[in-house]
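Here are my notes for you. Keep the structure open while you read, and find each residue as it comes up.

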Amino acid sequence: MLKIRLARGGAKKRPYYHIVIADSHSPRDGKFLEKLGTYNPMLPHDHAERLILKEERIKHWLSVGAQPTDRCVKFFAQAGYI
């Protein structure tokens, strides 16, 4: 099963996340199929680069049957994709 989820990057105590499409059995920061966006929780809520999404690719993967995680559902609902 394909999942749309967060893969953690960045340094210790300075998280940075990539929103990726990956097989549900692969490790959190392991192999993925495609990068769909980024999320930087260290930036202020109103900053333009806090959350960057590739809308057309996200909609494609959702239509194919990929399941987003709870946090990704919140991001997609905020952006109006769900």
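1. Start with Glu34 and Arg57. Their side chains form a salt bridge, with the closest N and O atoms 2.8 Å apart. This pair links distant parts of the chain: Glu34 sits in strand β3 (residues 34–39), Arg57 in helix α1 (residues 55–64), and 23 residues separate them. Remember that this is a predicted model.

2. Are the two partners buried or exposed? Glu34 counts as buried because its relative accessibility is 18%, and the cut-off for buried is under 20%. Arg57 is partly exposed, at 27%.

3. Now look within helix α1. Glu55 and Lys59 both lie there, 4 residues apart, which is about one turn of the helix. Their side chains meet in a salt bridge (2.9 Å, N to O). Glu55 is partly exposed at 37% relative accessibility. Lys59 is partly exposed too, with a relative accessible area of 40%.

4. How many salt bridges does the whole structure hold? The search finds 3. One of them joins Asp29 and Arg28, at 2.9 Å from N to O. Asp29 is partly exposed, at 42% relative accessibility.

5. Step back to the charges. The chain has 15 positive and 8 negative charges, and their mean positions are 8 Å apart.

6. Finish with the overall fold. The chain has 2 helices and 5 strands. From the N terminus, the order is β-β-β-β-α-β-α. The radius of gyration is 12 Å, close to the 12 Å that the globule rule gives for 82 residues, so the chain is as compact as a globular protein of that length. Of the 82 residues, 33% count as buried.

Notes:
Residues numbered from 1 in each chain as written. Predicted model: local features only at pLDDT ≥ 70, side-chain atom pairs only at ≥ 80, totals over all residues. Heavy atoms only, no water. Rg over C-alpha atoms; globule rule 2.2 N^0.38 Å. Buried < 20%, exposed > 50% of the residue type's maximum accessible area, 1.4 Å probe, protein only. Lys, Arg positive; Asp, Glu negative; His and termini not counted. Charge placed at Lys NZ, Arg CZ, Asp CG, Glu CD. Salt bridge = Lys/Arg side-chain N within 4 Å of Asp/Glu carboxyl O.
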